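Subject: Structure handover

Hello,

Here is the structure I promised to pass on. Please have a look at it first; my notes follow below.

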Amino acid sequence: MKENATYICKDMELPDYALAAINVLERAGHEAWAVGGCVRDALLGRAVNDYDIATNARWEDVEHVMASSGFAVHRTGAKHGTVTVSRNGHAMEITTYRADGKYTDGRHPDCVEFVRTIEEDLARRDFTINAMAYHPERGILDCWGGMADLDAGLIRVVGDGNERFSEDALRILRGCRFVSQLGFSLEAGTKQAMWSHKMRMSHVSAERITHELTEMLLGDHVRDALMECIDIIGAVLPELVAMKGFEQHTPYHIYDVWEHTAWVVQRSPRTPLARWAALFHDSGKPGAFFMDGDRGHFYGHPLLSVEVARGALARMTLSPSFVADALTLIRLHDKTIPATSKTVKRALADLDGNIELFRTLIGIKRADALSQSSLSEPRVQLADDLERVLGEVLAADEAFTLKQLAIDGNDVIGLGVPAGPEIGRILDLALRAVIDEQLPNRRPELLAYAESLR
Ligand code: ATP
Ligand code: MG
């Protein structure tokens, strides 16, 4: 730890409930500070996720003092000294000052050791910008140069990077995530240490890896993070690495496959589904590539991308339906869908009527076209046109699913067709005829058509 802890009097807003929690603890004779992410985000003027409080009180005392001051108290992590308290629906974690014991598994400390001072507690934290504490009267306690790094936009590890990342490899992914969320750079020594210890991320649970990667994909600066961190995240997603520096040799592209991908992720809708699909949409390109004279081609790459993504996504803790939707988006990202009501309804029918999935597909198509050369401008326009036609189809309540069809299975049975697969076949053909605008979606015409198919 650095010897001189700096107290900086800088005003930082704390919400009433966090101020109240600090006051309650201090009036009972303890010491308490707001710490970590809330200090970082408040100083940056960003929305604060959660307020964490560090105190020298033992968790049993925290529980007692807070409960007798009207806070609801939940014993969430007593082993680690954490008590969750809440007031008016706002939850906070209050954790006793602690240092982590030895790490032998590359992720979890073998034990936690409670310590006496806030300075010792700050020393166990991952990055300097996350290792500051704030007290409404004492100001900001910044022992590790976190303020300077906030100003400089740097993610710098607290203490020795080699030690800190081998203790807990989750910090490596957290570092990449903060690059994406904050638009900061990795301080050179920190980056080197993250890179040297990247293989230790195999000790991190799939759940935490999935969480951190998803947060990274949703960050405001994900393009920059993907460019800066590919050699690090390649250790958990090796399927991405072949895209780095892979030249496309076509006038439709101005970036290599990885930089193009980074842009597409950045420009895709800000949802986990769109971002994960965008990350892999061209992952099959290196495998599909061939040169014809001086032109590169990638025929069939979406299907290869689906296979690459299938393997990678299976290692994440994403739900089966999420993965299925992501693979659908990857498969269709390059398919041309003309902007007519017929083709839009056909596309919707192929997606089982999933309107949100279709909107996401349009969003990825637009992002893809925007991240190519100016030759692809017509495809940006096409995406906008698809969005408009989709709006018209929905506003007119036009049918594109069996549910919307003016006849159902009972009507077909009423025509004397025995219950069985034939019913589905007839209804599918009737829906197709309505989608293709050969028939109106009205009972008499549809019944006559069904009759004619028997
Ligand atoms: P956010 O809440 O926006 O995800 P955060 O930095 O607050 O970001 P939390 O997981 O809430 O992240 O952790 C709170 C604080 O605990 C961090 O700011 C950091 O000081 C510390 N911390 C969290 N995870 C680790 C870790 N793996 N190693 C060391 N310190 C950590
Ligand atoms: Mg937090």
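Glu-437 is partly exposed, at 42% relative accessible area. That term covers values between buried (under 20%) and exposed (over 50%), computed with a 1.4 Å probe on protein chains only. Glu-437 sits in the loop between α20 (421-435) and α21 (443-453). Its phi is near 60°, a positive value in a residue other than glycine.

Before the rest, the ground rules. This is a predicted model: local features need pLDDT of at least 70, side-chain atom pairs count only at pLDDT 80 or more, and totals for chains, interfaces and linings use all residues. Residues are numbered from 1 along each chain as its sequence is written, chains are lettered from A and ligands numbered from 1 in the order in which they are written, and side-chain values use heavy atoms, with hydrogens and water left out.

Helices and strands are DSSP runs numbered from the N terminus: H or I over at least four residues for helices, E over at least two for strands.

His-249 also has a positive phi, near 50°, and is not a glycine. Most residues other than glycine have a negative phi. His-249 belongs to the loop between α10 (222-233) and α11 (257-267). With 41% relative accessibility, His-249 counts as partly exposed.

Next, strand β9 (residues 132-135). Which way do its side chains point? Met-132 and Tyr-134 go one way, Ala-133 and His-135 the other, and all are buried. Strands pair if DSSP finds at least two bridges between them. β9 pairs with strand β2 (residues 32-35) in the antiparallel sense, over two bridges. There, Val-35 has Ala-133 of β9 as its bridge partner. β9 also pairs with strand β10 (residues 139-142), again antiparallel, over four bridges. Met-132 has Asp-142 of β10 as its bridge partner. β9 and β10 form a hairpin, with three residues between them.

Last, Thr-343. It is found in helix α16 (residues 341-350). Is Thr-343 buried or exposed? Its relative accessible area is 16%, so Thr-343 is buried. The Thr-343 side chain makes a polar contact with the side chain of Thr-340, at 2.6 Å. A polar contact is a pair of N or O atoms within 3.5 Å; within protein, one must be able to donate a hydrogen and the other to accept it, and residues adjacent in sequence count only if both atoms are side-chain atoms. Leaving out residues up to four places away in sequence, Thr-343 touches Ile-337 and Pro-338. Contact here means heavy atoms within 4.5 Å.

Best wishes
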